[in-house]
Amino acid sequence: MRMPVLFLGHGSPMNAIEENDFHRSWRALAQRLPRPKAVLCVSAHWETRGVFAGATAQPETIHDFYGFPKALFDVQYRASGEPALARRAAELTGARLDPERGLDHGSWGVLIAMYPDATVPVVQLSLDSAQPGAWHYALAKKLAPLRDEGILVLGSGNIVHNLGVWRPGDGRPYDWALRFDAEVRRRIDAGDHAALADYPALGNDASMSIPTPEHYLPLLYALALQEKGEEAICFNDKVMTSISMTSVVIGG
């Protein structure tokens, strides 16, 4: 069975433990999709020079944030790793193996809702965020065989992510954030992957929405695996101030 591909807007780490609409949507998604043999996650929160695959058998839960309640720091997501999958990902992409890397909140923050029993193994693939979008898109295409091997490829980030202008409180979105999120959704619907990979050319709204690329790039890892005739369905299309939660499921 060919597995679907996901991009999830993960937003605040608190979405991992709050019973909100985002958490519920991730849980419902996992319940309706085929259960994978393992997850290969490309998270905004593992940036490297070069590309690495996490190859530890028992990855630790990394709490890579600050200023949140103790309950969030107490979370331990005890999914096992899958060194064989890490080696397979390295074989396909040329990545190097990291025998110590744990799971950051870009991965466990959504997977704790999807697979709360933590019985689906998880491997992370790092982001060389110094590389341009087209480079990531081409690299992601090399992961295509995994879909027929029972592996769920998951990109975790945010299409719009500008914490520098975040406004706490009312959550009213900036006009540029709404426009860019809508533009990306239009181009996803149109299958215009080339424009989405060349995101700096999308103008001022893109510049404001993507001040740094690490949260946007995981989207390209999902889009690159879309095959001809496969539908890409957007959901959670909500913008809060300067963060978009828009997510995409392909082939599911």
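This report describes three loop residues, His215, Ala118 and Asn236, in a predicted model.

His215 sits in the loop that runs between helix H8 (204-209) and helix H9 (217-223). Its relative accessibility is 4%, so His215 counts as buried, the cut-off being under 20%.

Apart from neighbours within four places in sequence, His215 is in contact with Phe7, His10, Ala44, His45, Gly157, Asn158 and His161. One of these, His161, also takes part in a polar contact: its side chain and the side chain of His215 are paired at 3.4 Å.

## Positive phi at Ala118

Most residues other than glycine have a negative phi. Ala118 is not a glycine, yet its phi is positive, at about 60 degrees.

The residue lies in the loop between helix H4 (105-114) and strand S5 (122-127). Ala118 has a relative accessible area of 14% and is therefore classed as buried, since buried means under 20%.

## Positive phi at Asn236

Asn236 is likewise not a glycine and has a positive phi, of about 55 degrees.

Technical notes: Residues numbered from 1 in each chain as written. Predicted model: local features only at pLDDT ≥ 70, side-chain atom pairs only at ≥ 80, totals over all residues. Heavy atoms only, no water. Helix = DSSP H or I, 4+ residues; strand = E, 2+ residues; numbered from the N terminus. Buried < 20%, exposed > 50% of the residue type's maximum accessible area, 1.4 Å probe, protein only. Polar contact = N/O pair within 3.5 Å; in protein donor to acceptor, adjacent residues only side chain to side chain. Contact = heavy atoms within 4.5 Å.
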